[in-house]
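Student: I'd like to go through this model with you. Can you take my questions one at a time?

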Amino acid sequence: MSILRRIAMLFRVKANKVLDRAEDPREVLDYSYEQQLEMVQKVRRGLADVATSRKRVELQVIQLQLSAGKLQDQAQQALAAGREDLAREALIRRAAASSQISDLQGQQASLQAEEDKLTLASQRLEAKVAAFRTRKETIKATYTAAEAQTRIGEAVSGISEEMGDVGMAMQRAQDKTEQMQARAGALDELLASGALQDATVPGGRDDVQAELDALTAGHDVDGELARMKAQLPASAAPPALEGPGTASADPPASPPGQQATS
């Protein structure tokens, strides 16, 4: 039984915490206001019922008073006609009507007092509900402003859950950016120092190496050409190429006819 009581108490504690987190004071105030409005409506309906009963008793009193007056006249007429027995019966009925009138008037006074009491209570209750409504709206506005201020403060300070997630994401992005910048700087330093070679250059050559290779290749071609010329026999040396507008070293040979004449 002790374990069951502890479990029940633990359940109530957990439930109270959950309800406390889920409870919105504005909703509680609105619900209380609605309950008070329903109470006012009940008081008004009760007041209307009492007033209706009082009015019905009042109408019965009026009817009995008219009936008692009529019986009085009938008793006088019967006595004048020499019918004392009818006059006596009319007076007996008039006395009964008067007794009913007296009872109904007592009920009417009681209902009137109850009506006055309910009217006063209804007025006080309505005034109280009106004051509660004003106070309710003030509390709701204050709570809403405090809630908004708290959320703004949490957002500015970064302690709210949403802003905390955003801050962590920004921190991760900044860390990755710094890491990539550090890696890029390190690679640039390694490439500049020659510790690493540029994979986009064939054979790992750079621009300077390409110029040096081109210059060396030109000298090799000239040396090879000179060596080939030296190996050729003198008679097989190719004639020098003449460009346009340049004269030959030897004069042109004369035609055979001209040689004979000379």
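Student: Is Gly69 buried, partly exposed or exposed?
Tutor: Gly69 counts as partly exposed, at 33% relative accessibility. Buried means under 20% relative accessible area, exposed over 50%, and partly exposed in between, with a 1.4 Å probe and protein chains only.

Student: What are the ground rules here?
Tutor: This is a predicted model, where local features need pLDDT of at least 70, side-chain atom pairs count only at pLDDT 80 or more, and totals for chains, interfaces and linings use all residues. Residues are numbered from 1 along each chain as its sequence is written, and side-chain values use heavy atoms, leaving out hydrogens and water.

Student: Back to Gly69. Which helix is Gly69 in?
Tutor: Helix H2. Helices are DSSP runs of H or I with at least four residues, strands are runs of E with at least two, and numbering starts at the N terminus.

Student: How far are the C-alpha atoms of Gly69 and Arg94 from each other?
Tutor: They are separated by 7.8 Å. Along the chain, Gly69 and Arg94 are 25 residues apart.

Student: At what angle do H2 and H3 pack?
Tutor: About 165 degrees, with the axes 6 Å apart. H2 covers residues 25-80 and H3 covers residues 84-157. Axes are lines fitted to C-alpha atoms, for helices over the stretch in contact, and angles run from 0 to 180 degrees between N-to-C directions.

Student: Are H2 and H3 roughly parallel or antiparallel, then?
Tutor: Roughly antiparallel. Angles over 145 degrees count as that, under 35 as roughly parallel, 65 to 115 as roughly perpendicular, and the rest as oblique.

Student: Which salt bridge does Arg54 make with Glu115, and at what distance?
Tutor: Their side chains meet at 2.3 Å, N to O. A salt bridge is a side-chain nitrogen of Lys or Arg within 4 Å of a carboxyl oxygen of Asp or Glu. This pair links distant parts of the chain, with Arg54 in H2 and Glu115 in H3, 61 residues apart.

Student: Are Arg54 and Glu115 buried or exposed?
Tutor: Both are buried. Arg54 has 15% relative accessibility.

Student: What about Glu58 and Arg54?
Tutor: They form a salt bridge too, with the closest N and O atoms 3.4 Å apart. Both lie in H2, four residues apart, about one turn of the helix. Glu58 is partly exposed, at 22% relative accessible area.

Student: How many salt bridges does the whole structure have?
Tutor: The search finds 13. Asp24, Arg26, Glu147 and Arg151 are linked in a network of them. Within it, Asp24 bridges to Arg26, the closest N and O atoms being 3.2 Å apart. Asp24 counts as buried at 17% relative accessibility.

Student: New topic. Which residues make the nonpolar surface patch of about 330 Å²?
Tutor: Ile3, Leu4 and Ile7. Patches take residues with over 30% relative accessible area and no salt bridge; like charges are joined within 9 Å, nonpolar side chains (Val, Leu, Ile, Met, Phe, Trp, Tyr) within 5 Å. Accessible areas come from the Shrake-Rupley method with a 1.4 Å probe, and for residues only the protein chains shown count as cover.

Student: Where is Ile3?
Tutor: In helix H1, residues 2-22. Ile3 counts as exposed, at 62% relative accessibility.

Student: And what does the secondary structure of the chain come to?
Tutor: Six helices and zero strands. Of its 262 residues, 11% count as buried.
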